[in-house]
Each structure stands twice: as structure tokens, then as C-alpha cells.
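Student: I am new to this structure. Please take me through one part of it closely.

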Amino acid sequence: MNDFSDRNVVTPLPIWSYRRFGKRALDILASGILLVLLAPVLIAIAVLLRVSIGSPVLFRQQRPGKSGLPFEIIKFRTMLNDLDGRGHYLPDAERMTAIGSFLRNTSLDELPELWNVFKGNMSLVGPRPLLMEYLPLYSREQARRHEVRPGITGWAQVNGRNALSWEEKFLLDQWYVDHVGLALDVHILLRTVRKVFAREGISAEGDVTMPRFTGTEK
């Protein structure tokens, strides 16, 4: 488990100066610029997916946003929609495609989420939006991750990502909620770039991504 020793490297700005106003302004400006600059990359990936795995090229799913309210997240599709004899999806490892694995390993599958950021469903930095079905499983402290907009990257992602246990992730999410600030967000974004190139913490041991969260034993 991470010792979280670098959690004191930043001091959050006053809540009124960034959390309530500046964070959203930064999200709009940065996501808008990135959507324009990365448009050729987004189009190229969409064409590649259309040719290799067919339509649709985007994965859409309801996820809980700020205050647990649902929104539709959009990502590039990385898996086939193959079903077993009972009509259930096959395990992730069996549905993952070669191009999908590449997109996940490089985090390129997350690029469409910039549109979620621009619209206000998400932030560049915040706890990752998980599944709606997890909401009733959270403890009161774990549920505090929904006090802020979910992010494309976050404090948990730069401190282990899927190599962490669920409980470790939620502790890091709670810490972020209490320490939101411009310096911290910039710190996380810079570390995210390094993590993406290093391809660290992409999968939990024995899983393509993470095992399902089934609640924390009390």
C-alpha cells in the first residue's frame, strides 16, 4: 500500500478562490483547447475502431457524478460485445481487443471524456466515476468522493491506479476532496502524464482492469 508520503507537498488555495470558481474555469478552458488540438487524434482513433471492431466506436454508460447524480460518460470502446449462452457478457479478458488493450494501456480511450469535462459532467481532476450500482455499497466516508465532480484523472490514479485495493482508492479520494486546490490539481496532471508514459498501475493483479467492488467489510 502507498504510504501517501507526498500528500503534504501542496497546500490548497482557499475554497472560495478555486474550488467554487477557478476549477470549473480551468476545466472549460483546458478541455476546450484540448478538444480542438486533439481532434485529428480523436478522428483517427474513431476510424481505426470502426474498421477493426465495428460500430459503435464510443462506449456510453450511466455513471454517478457530483452528489451521485447520473450522467452519461463517453469513452472509446475497447471491448467486443460478445455474450455467453445465457445472454451475459463474456469476461473482460475475453472481450478485450488488441486495439482496445493498446488504447487502455496508453489511456487514449479516456480522451472523449474531455467532452464530459467541457459540458460540466466531469472535471480534469477528481475521483474516477465508477458504476451506479456501487452507490448503495459505499460507507458514509467513501461516499464523500461524490462531493466533487468526478475526474479524468485523480489522486488515486497517480498513487497506484488499479494496483490499489478499493479501500486504498477511496481513502485517497476522500483525501483529495478535503484538499482540492490549484497546486494539487496541477501536481496531479503533471504526474498523470508521467504515469501514462510509464504505463503504471493499469490493471489489478489477475484482472484486465479491476475486480468489481462488493462493499467493505465492517
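Student: With which residue does Glu 110 form a salt bridge, and how far apart are the closest N and O atoms?

Tutor: Glu 110 pairs with Lys 75, and their closest N and O atoms are 3.7 Å apart. A salt bridge here is a side-chain nitrogen of Lys or Arg within 4 Å of a carboxyl oxygen of Asp or Glu. Glu 110 sits in the loop between helix 4 (98-105) and helix 5 (113-119), and Lys 75 in strand 2, so the pair ties together parts that are 35 residues apart in sequence. Helices (H or I, at least four residues) and strands (E, at least two) are DSSP runs, numbered from the N terminus.

This is a predicted model: local features need pLDDT of at least 70, side-chain atom pairs count only at pLDDT 80 or more, and totals for chains, interfaces and linings use all residues. Residues are numbered from 1 along each chain as its sequence is written, and side-chain values use heavy atoms, with hydrogens and water left out.

Glu 110 and Lys 75 are both buried. Buried means under 20% relative accessible area, exposed over 50%, partly exposed in between (1.4 Å probe, protein chains only). For Glu 110 the value is 12%.

Glu 110 also meets Arg 128 in a salt bridge, at 3.1 Å from N to O. Arg 128 lies in the loop between strand 3 (123-125) and strand 4 (151-153), so this pair links parts that are 18 residues apart in sequence. Arg 128 is buried too, with a relative accessible area of 12%.

Elsewhere, Glu 147 forms a salt bridge with Arg 144, with the closest N and O atoms 3.0 Å apart. Back at Glu 110, salt bridges that share partners join Lys 75, Asp 109, Glu 110, Glu 113 and Arg 128 into one network.
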